[in-house]
Structures are given as C-alpha cells and as structure tokens.
Amino acid sequence: MGVKKLLAAGLTTASAVVSAAIGTSSPAIASDVGPAGTAYGCGYPQVCFYKTQANWTARDWTAAYQDITGSYQNLSSGAYGSYYVYNSRNDDGALLHYTNGYTYCLHPSTYVNNSTNPTGFWTVDKIRIMDSPTC
C-alpha cells in the first residue's frame with residue numbers, strides 16, 4: 001500500500017473514531033442548572049428574586065441584583081415580596097431585610113422561600129450584597 005493510501009486510511013479511521021465519540025456523548029444534565037452554568041435560571045454573580053412559586057418552578061426570575069453596596073437597596077416591584085430568593089454568588093452573602101425589621105443572611109449558592117423563611121411570612125423589602133459569605 002502506498003504512503004498516500006496509508007495516510008488516507010489512517011485519517012478515515014481517525015475521523016470515524018472522533019465521530020463515534022461525539023455521537024455517543026451525552027450532555028451533563030442537572031435539574032437545577034440551566035444554560036451557561038446558571039442555577040435556578042439565575043446567572044452568576046446575581047441574587048435573583050422570584051415573585052411567585054410559578055416563577056421559581058419555571059426558573060424565571062423577576063428581578064436580580066449584583067452590586068456590592070454599603071447600605072440597603074430598596075427592592076423594585078419585581079423583587080418586593082418575592083416568594084423565593086436565590087444567591088448565585090460564590091463568596092458574597094446577601095443580607096435580606098424584611099418589613100418587620102428582621103434581617104436574614106442568604107449565604108452563597110443558597111436560597112430561601114417565603115414558606116420556610118425564619119421571619120414568619122413577612123415581606124422582603126431591601127437587599128444589601130456583602131463582601132463576606134456570612135454577611
């Protein structure tokens with residue numbers, strides 16, 4: 001067999017191996033992770049608010065904040081009173097303020113929802129993203 005034929009046969013074989021490997025690979029699937037590594041539909045580095053249970057289930061946030069601030073930010077209408085809040089940040093906590101004056105530190109990569117929050121079903125009205133995972 002000539003050099004050209006050997007080279008062509010080798011390339012054909014290599015091409016078939018690569019095609020088979022690509023054709024049989026399956027994407028990583030995680031129920032809480034969507035496009036580009038987002039969790040719950042919330043891209044890094046955001047704190048996302050989900051106004052209703054339906055928004056949470058659909059991974060469709062209604063407001064998001066990402067700036068570290070020296071004081072509280074009043075929430076927009078899309079965030080005020082949200083049912084779920086998720087902190088996608090890796091090392092920054094989000095201090096949530098409730099209408100009863102209670103505060104809650106939402107640690108990195110965690111969420112809180114209105115049915116299990118420690119405030120007794122009060123309304124989230126402000127946020128302060130901290131440069132600390134423990135607020």
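Student: Which residues do ring pairs link into a cluster?

Tutor: Keep in mind that this is a predicted model. The structure holds 10 aromatic pairs. Ring pairs join up a cluster whose members are Tyr40, Tyr50, Trp56, Tyr83, Tyr84, Tyr86 and Tyr111.

Student: Take tyrosine 40 and tryptophan 56: is their pair stacked or edge-to-face?

Tutor: Their ring centres are 4.5 Å apart, with 20 degrees between the planes. Planes under 30 degrees apart count as stacked. So the pair of tyrosine 40 and tryptophan 56 is stacked.

Student: How many residues apart in sequence are the parts that this pair ties together?

Tutor: Look at where each partner lies. Tyrosine 40 is in the loop between α1 (3-24) and β1 (47-50), while tryptophan 56 belongs to helix α2 (residues 53-57). The pair therefore ties together parts whose separation in sequence is 16 residues.

Student: Which tyrosine forms an edge-to-face pair with tyrosine 40?

Tutor: Here the rings are 5.5 Å centre to centre, and the planes make 65 degrees. The partner lies in strand β7 (residues 110-113), so this pair ties together parts 71 residues apart in sequence. That partner is tyrosine 111.

Student: Is tyrosine 111 buried or partly exposed?

Tutor: Tyrosine 40 has a relative accessible area of 12%, and it's buried. For tyrosine 111 the relative accessible area is 40%. Buried means under 20% and exposed over 50%, so tyrosine 111 is partly exposed.

Student: What sits over the ring of tryptophan 56?

Tutor: Tryptophan 56 is buried. Sitting over its ring, 5.4 Å from the centre, is the charged end of arginine 59.

Definitions and conventions:
Residues numbered from 1 in each chain as written. Predicted model: local features only at pLDDT ≥ 70, side-chain atom pairs only at ≥ 80, totals over all residues. Heavy atoms only, no water. Phe/Tyr/Trp six-rings, centres within 6.5 Å; stacked < 30°, edge-to-face > 60°. Helix = DSSP H or I, 4+ residues; strand = E, 2+ residues; numbered from the N terminus. Buried < 20%, exposed > 50% of the residue type's maximum accessible area, 1.4 Å probe, protein only. Lys NZ or Arg CZ within 6 Å of the ring centre and 35° of its normal.
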